[in-house]
Amino acid sequence: MNTSWILDEIDKISRIGMSINGVTRLAFSKNDMEARAYLKRLIDNIGLQYSEDTFGNIFALYNPGLESQIIGTGSHIDTVPNGGKYDGLLGVISSLAAIKEIKEKNIPVSYPLELIVFQAEESSRFGYATMGSKIMAGKLENFVHWEQSVDNNGVTLVEAMKEAGYNFYDINKSVVPKDKYKAFVELHIDQSKTLKYENMPVAVVDGIAAPLRVKVTIHGEAAHSGSTAMRYRKDALVIASELVLAIRNLSLAYDERNAIATVGKLDIFPSVMNVVPGTAVMYIDIRGINSKTMDELFGLIRAESSKIALRYKASCEIELLSSEKPCMLNNYVTDMIENSCIELKIPYMHTISGAGHDAMNMASITESGMIFVKNDSGVSHHQNEEILKEDIEQGAVLLLQTLKNLAK
């Protein structure tokens with residue numbers, strides 16, 4: 001396996017959108033489209049057929065005269081603001097390297113192989129994650145919400161897609177038949193410290209947590225900061241602050257049940273120094289691998305929100321923005337990954353992903369699996385994200401072997 005080629009291509013693409021603070025390639029942005037154009041040229045140079053659907057998902061097919069179901073592999077190249085260089089991109093380039101090697105060495109396969117580069121995996125720009133794979137899987141129930149979604153600069157998804165050359169109202173044409181793929185496997189950097197602490201180069205992913213996202217709007221009362229006595233205030237930010245701490249304490253109680261909640265965004269209005277905040281809007285991300293546990297945690301957060309607001313004689317509105325189902329990956333693809341580890345004598349462990357991935361949507365249309373590669377920094381969605389060369393090699397070789405076994 002040509003690990004140097006993988007590292008070189010990751011470095012080249014990472015320069016697109018890189019600053020001193022990290023890599024920024026938001027979905028459908030100029031940086032994203034530049035990186036995707038580079039990737040298309042790379043695919044073309046390797047001699048693969050490539051195509052693009054109406055949402056911008058890229059497909060690179062290696063089909064040596066075979067007419068059968070496809071073995072899919074891949075990930076994403078869009079990033080969070082100031083993200084790391086390996087999140088998503090490692091899986092895309094490792095998948096392309098594996099298919100490249102199978103093609104160049106003329107390794108016999110009984111099924112076509114296809115690299116999939118999913119669009120808009122990150123929720124950073126429009127607030128919805130894994131959009132490209134959701135569309136492929138026919139999960140269009142949030143169509144109206146997607147249509148109305150707006151980024152921090154006031155640009156709608158519809159407008160961003162049009163600027164990039166796509167028509168939002170054609171995305172239904174990108175739903176794929178459920179019999180198109182025989183299997184799908186995604187390689188990804190571990191986004192936790194698990195493999196680092198266990199000193200394992202790779203892991204077989206048994207399940208993927210899903211997000212349940214909530215918007216809480218607290219209606220206090222704006223007032224002059226100098227003339228309003230503390231005892232008369234309905235400070236929306238103070239109320240929100242108590243709720244943030246309450247959410248943390250509730251999450252601690254659910255830690256061993258693999259459920260967690262995070263307040264990742266908090267806006268206050270009117271947001272000026274000399275006015276008591278009258279309104280606070282917070283966004284809560286609840287994750288878990290069991291829907292019942294997630295719903296239970298959400299119910300407690302809902303009750304706590306109302307209780308705290310009532311204590312200040314204020315009010316709050318709670319809106320469920322999205323609710324996705326966790327995904328278990330116990331199937332023949334995960335078995336194949338494990339067997340490939342044994343064949344190659346690569347040390348491995350089993351783990352659960354707390355972050356969402358495109359593989360969870362692909363799992364609704366085909367047997368799917370995931371490989372995690374050790375994150376030597378232990379952090380992700382951050383410029384300090386790091387993987388050792390030897391771990392990249394282990395992961396890439398494992399992916400290649402898994403694809404070869406799946407395609408026999």
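Contact here means heavy atoms within 4.5 Å. The structure shown is a predicted model.

**View 1. The positions listed by UniProt as a binding site.** In an unreviewed entry, UniProt lists D87, E122 and H381 under "binding site". These residues are spread over 295 residues of sequence, yet they cluster in space, with a largest C-alpha distance of 10.1 Å. D87 touches both E122 and H381, and E122 is also in contact with H381.

View 2. D87 sits in the loop that runs between β5 (70-76) and α3 (89-104). Its relative accessibility is 6%, so D87 counts as buried, the cut-off being under 20% relative accessible area. Residues up to four places away in sequence aside, D87 touches H76, E122, H188, I189, Q191, S380, H381 and E385. With one of these, H76, there is a polar contact between side chains, at 3.3 Å.

**View 3. Surroundings of E122.** The loop between β6 (113-118) and α4 (131-136) holds E122. E122 has a relative accessible area of 10% and is therefore buried. When neighbours within four places in sequence are left aside, the contacts of E122 are H76, D78, T79, V80, D87, Y128, A129 and H381.

View 4. T228 is found in the loop between β10 (223-224) and α8 (236-253). With a relative accessible area of 18%, T228 is buried, because the class takes in values under 20%. The side chain of T228 reaches the backbone oxygen of H224 at a distance of 2.8 Å. Not counting residues up to four places away in sequence, T228 touches A223 and R233.

**View 5. Packing of helices α1 and α2.** Two packed helices are described by the angle between their axes and the distance between the axes. For helix α1 (residues 3-14) and helix α2 (residues 30-46), the angle is about 150 degrees and the axes are 10 Å apart. Because angles over 145 degrees count as roughly antiparallel, α1 is roughly antiparallel to α2. On the α1 side the contact is made by W5, E9, K12 and I13, and on the α2 side by A35, Y38, L39, L42 and I46. Sorted by class, the contact of α1 with α2 has seven nonpolar and two charged residues, and no polar residues.

Technical notes:
Residues numbered from 1 in each chain as written. Predicted model: local features only at pLDDT ≥ 70, side-chain atom pairs only at ≥ 80, totals over all residues. Heavy atoms only, no water. UniProt positions renumbered as here; feature names shortened; annotations may be inferred. Helix = DSSP H or I, 4+ residues; strand = E, 2+ residues; numbered from the N terminus. Buried < 20%, exposed > 50% of the residue type's maximum accessible area, 1.4 Å probe, protein only. Polar contact = N/O pair within 3.5 Å; in protein donor to acceptor, adjacent residues only side chain to side chain. Axes fitted to C-alpha atoms, helices over the stretch in contact; angles between N-to-C directions. Parallel < 35°, antiparallel > 145°, perpendicular 65-115°, else oblique. Nonpolar A, V, L, I, M, F, W, Y, C, P; charged D, E, K, R; others polar.
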